[in-house]
Amino acid sequence: MYVRLNPCYILLLCVEYVRTVKLTSIEGFMFVEPTHDASSLGLLCNQKRKELGLDQATVSMYANVSVKFISQFECGKTSVQLDKVLALTSTLGIRLYPISKDIDLGKLVKESRSVLGFTQASLAGFSGLSTKFISNLEANKPTLMLDKVLVALHTLGVKMEFKA
């Protein structure tokens, strides 16, 4: 006897599995629910900049990003380019995990996806992102949008942390 399941129900089961699966680590990273998002990172940058006694114009000069970018990011804009965020956080002395210049984020995403048995297309489907975006993420394209990177990491269960 065969039981026919609704495809939507199967999809929900797969998504729930992804969210509850307990993996130990890949290259030393623990896989749990993320605790930070892009807007809280912007607020942290604002606090750190003020702690250092720097204005936005000075930081923009050292980080090689515009004052407008810093202002928008500190005010909560989340659709910002990853490379600009890395330049800003590096200048302010804020470390991001697992997103940094020292870590191959594309390799981490690809390995995480493989461990879960996802193809690029299935990860794109579960995360609501395009397959092209997942491909670009795995290729370490620097101009990816931070909010979308965080969605992909969240879907894979990769925890995002940042420390000042």
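First, the ground rules. Residues are numbered from 1 along each chain as its sequence is written, and side-chain values use heavy atoms, with hydrogens and water left out. As the model is predicted, local features need pLDDT of at least 70 and side-chain atom pairs count only at pLDDT 80 or more, while totals for chains, interfaces and linings use all residues.

Now the helix pair. Two packed helices are described by the angle between their axes and the distance between the axes. Helices here are DSSP runs (H or I, at least four residues), numbered from the N terminus. Helix 4 covers residues 67-74 and helix 5 covers residues 82-92. Their axes, which are lines fitted to C-alpha atoms over the stretch in contact, come within 11 Å and cross at roughly 90 degrees. Helix 4 is therefore roughly perpendicular to helix 5, a term for angles of 65 to 115 degrees.

Which residues meet? From helix 4 they are Phe69, Ile70 and Phe73, and from helix 5 Lys84, Val85 and Leu88, with contact meaning heavy atoms within 4.5 Å. By class, this contact has five nonpolar residues, no polar ones and one charged.

Next, serine 71, also placed in helix 4. Serine 71 counts as partly exposed because its relative accessibility is 28%; buried is under 20%, exposed over 50%, and partly exposed in between, with a 1.4 Å probe and protein chains only. Its C-alpha atom is 10.0 Å from that of serine 60, 11 residues apart along the chain.

Last, glutamine 47, in helix 2, residues 38-51. Glutamine 47 has a relative accessible area of 48%, so it is partly exposed. The C-alpha atoms of glutamine 47 and alanine 164 are separated by 9.6 Å, with the two residues 117 apart along the chain.

Technical notes: Axes are lines fitted to C-alpha atoms, for helices over the stretch in contact, and angles run from 0 to 180 degrees between N-to-C directions. Helices (H or I, at least four residues) and strands (E, at least two) are DSSP runs, numbered from the N terminus. Angles under 35 degrees count as roughly parallel, over 145 as roughly antiparallel, 65 to 115 as roughly perpendicular and the rest as oblique. Ala, Val, Leu, Ile, Met, Phe, Trp, Tyr, Cys and Pro count as nonpolar, Asp, Glu, Lys and Arg as charged, and the others, Gly among them, as polar.
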